[in-house]
Amino acid sequence: MTTSSSVSPTAAHLHLSPRQATAVHAILRRYRGKGSAYLLPCLHDVQAITGWLDADLAAQIAESLDIPAVQVHNVIEFYALFYDHPVGRTIVRVCDDLACYLAGSEAIVRACAAHLGLDPEHGGTTADGAFTLEIHPCLGRCEQAPFLMIGDEAHGFVRPEQVPALLGGEA
Amino acid sequence: MASPGATILEAARSAGITIPTVCYHDHLTANAVCRICVVEWMGSRTLVPACVAKIQPNARIYTDNERVRTARRVILEMLAATVDLSEAPELQTLLAEYGADPHRFGSDAARREHGPVKVDNPFYVRDYDKCILCWRCVQVCAEDVQFTFALGFNGRGFETSIATFFDRPMPETTCVFCGNCVGVCPTGALKGKREYLAAQGAPIGPR
Amino acid sequence: MTYQPVLTARLGKIDPASLQDYEAAGGFQALARAVELGPKAIVELLREAYLLGRGGAAFPAGIKWKAVSEAPAPKYVIANADESEPGTFKDRILMEGDPFALVEAMLIAAFAVGAEQGYIYIRGEYPQAIARVQHAVNTCYNAGYLGRNILGAGFHFDLEVRKGAGAYICGEETALFESIEGKRGFPRLKPPFPTECGLFGRPTVINNVETLLCVLPLVLRGLDWFKSIGPEKSPGPKLYCLSGRVHRPGLVEAPMGTTLRTLIYDYGGGVSGSGELGGVLLGGAAGVFVTPEHLDVSLDFAGLRTIDAVLGSGVVMVFDTSVDMKAVLRRIARFFRHESCGKCYPCQLGTQRQHEIVERLAAGRLRSGDLLALREIGQTMRDASICGLGQTASGAILSAIDRFGFDEHTGRFLRFDSNW
Ligand SMILES: Cc1cc2nc3c(=O)[nH]c(=O)nc-3n(C[C@H](O)[C@H](O)[C@H](O)COP(=O)(O)O)c2cc1C
Ligand code: SF4
Ligand code: SF4
Ligand code: FES
Ligand code: FES
């Protein structure tokens, strides 16, 4: 009998540099009292500074927007782009959906996983915290299959042998 | 005759027709999540949930035909293959009534399991292996009754579960231990601590 | 191919960051014309044009606009740019290449229905589209196209760009409202419909990006032009997202009702891989597979209904006979399992059980009773789910099994080579 993997946030805490803390503070001030409709924008803005969201930040965001803390939790846990655990400084999203599969995405996924030393089934984060690899549903670039994103950068028509150069020396 | 603005469920009840329900609760907002109460409304592309759909004059509605019974049976089969329903007698009755066979998906079908029962406060325990995600506890804790907002969700899809803020123990949440959630839980996922301890102790108690 | 593209005409010809370029290429003329016509005439024009929604559900846009135009303020207009249906990339290309056009279309929608606030909800995995549309919005504020008393015509409109956060379900219109409101993307029960009770509980027009962009040439060129394109029952230009095993995949603008044959062989340069067509997925993961026998069916909303297929968001994904169809179905099942919001039982449980069975199918380990279970799960999701996600989550998989000659005993699809 298999069990569904329990999806729970980590109890780990973020360590913010003084600069990050100041930036987060400024964001929270900007969203103060704005209410529920600004939750997603606020989470995006904060996470852009911090990389992921821990309980402390979630509580501060709730307080700043003046909404229940559990609502912030509910939203972080629902959306794939919000992270409740540490992720790499750069997120690599490799599409393995239909059109990309037809163009050889399996080899791209394998090449990325091999280069980063990660599991090709589930991806994950490199030990040095440089990269997180995600095997992603359709990224809306099927006309450029196979496709992947490195952070916000788009790369279409990728060939497996290009992967090491694309991901660079950081790994 | 049903009053105007009545739901199909209300109209059926007043006509003495039984429509099964699982998530519906007379005193809570109906979110129509379980879909056990679906009926066939002639002309509608899909089945409609009787607990929320309003009855209309001249509507032709089948509350127990083949299409309706198949949907109910399959939902029950999938539910019983996923969740521990041993303390949900009403669901056991429905499973029997619809001839549901939860084993058809095989013994390796994924179940939702959440580890040991959560005993973290003096008043009640949480045994989420028995949770059917009817949402009642979340609703009573929020806008439907208490406005305490201690309960929410983890995950989505099959991996959805009821959670507290970052999975904190109840005493570290906004919970005020009003017990409303325990009162509305239909499956024994939430139950009083004393009841839980008694059941635990029973097999080893004095004979 | 005498058809002159209109929706994609500016793509690659103008600098998407330049308002001057946009204006020089005919930009904001439709808005000027719309202001001349007045709100009532625009709504009427839309109704008569019978513009059907391009986001998937093919609902007449004019009916929504009329209902909201007659509803009390405050009300909202929303561009649905969540575009997450596998195989769909048209809205991204439009937003990246011609972002001011979306702003102009939103202005016309707002003017026509009397909304003073609008949102463009763009999928979070589209950073470039988000940046370009945001830049266009900022530029339009500075140029007086957004804000107070636009064009001196006495109407006000504020427009905000919202970024999605990785949830296919948030393309479903009511889940999208919930998402803007700061909640999980759980679809709402309908009725009430968005035109009556939408964002923040107010009357709301929500349209797909392509639907909105169709309004610009409609206003400029008029009803007769619009109706002269495509079949009577679903007129107008259409964007087809051509992908998969063709020599030239890409975005195709053609009249509604173009055939598969034209798309694959004229636009796509023919089938790649084995060179022999095995099947086509129409409408994406939420759509259905069709076979080479369907090459000459008119790809429009009504035409496809005759063969139990859908146009959906315009996905035309081509599969040659060498494709491993099992690997394709695994991905479709995995997608729905991953994207189900979990609100209603049929889909929350059904997408998991479906995935398990399709995994067995792909591994050649189907058990007796699995196919029946797959069909019953599919029927239950279609019949009893709250929203379109669950209702369509089994369609593609079951259509492949039915139409590609699936042989339960060998576990093969007769239409596709079995040498893998
Ligand atoms: C699961 C699901 C996902 C959807 N995703 C989108 C989407 O990404 N973009 C879109 O325009 N419509 C999407 N829709 C359709 C919308 O609910 C709605 O019908 C559409 O935005 C209306 O605009 P239209 O009439 O212009 O097509 C989706 C529907 C469902 C059920
Ligand atoms: S804990 Fe009980 S009341 Fe809450 S959702 Fe689960 S079954 Fe329903
Ligand atoms: S059909 Fe699926 S996605 Fe839609 S409400 Fe139900 S669980 Fe959510
Ligand atoms: S399938 Fe890979 S981008 Fe669409
Ligand atoms: S009782 Fe109606 S949907 Fe649950």
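Select chain A and chain C together: 34 residues of chain A are in contact with 53 residues of chain C, where contact means heavy atoms within 4.5 Å. The model is predicted, so local features need pLDDT of at least 70 and side-chain atom pairs count only at pLDDT 80 or more, while totals for chains, interfaces and linings use all residues. Residues are numbered from 1 along each chain as its sequence is written, chains are lettered from A in the order in which they are written, and side-chain values use heavy atoms, with hydrogens and water left out.

Stay with this pair. Chain A and chain C bury about 3300 Å² between them, 59% of it on carbon and sulfur atoms; buried area is the accessible area (1.4 Å probe) that two parts lose on being put together, summed over both. Now pick A:Phe78, A:Leu98 and A:Leu102, which supply 22% of the area that chain A buries against chain C, more than any other three residues.

Next, select C:Glu96 and A:Arg141. Their side chains meet in a salt bridge (3.1 Å, N to O), that is, a side-chain nitrogen of Lys or Arg within 4 Å of a carboxyl oxygen of Asp or Glu. The interface of chain A and chain C has 5 salt bridges by this rule.

Colour helix H2 (39-50), helix H4 (69-78) and helix H5 (98-102) of chain A, the elements that give two or more residues to the side touching chain C. Helices here are DSSP runs (H or I, at least four residues), strands are runs of E (at least two), and both are numbered from the N terminus. H4(A) gives the most to that side, with 5 residues.

Move to chain B and chain C. Here 41 residues from chain B and 35 residues from chain C make the contact, and the buried area is about 3100 Å², with 53% from carbon and sulfur atoms. B:Met78, B:Arg156 and B:Phe158 supply 21% of the area that chain B buries against chain C, more than any other three residues.

Between chain B and chain C the count is 6 salt bridges. Helix H2 (66-80) and strand S5 (152-154) of chain B each give two or more residues to the side that touches chain C, and H2(B) gives the most, with 8 residues.

Chain C has 17 helices and 12 strands. Its C-alpha trace spans about 70 × 45 × 35 Å along its principal axes.
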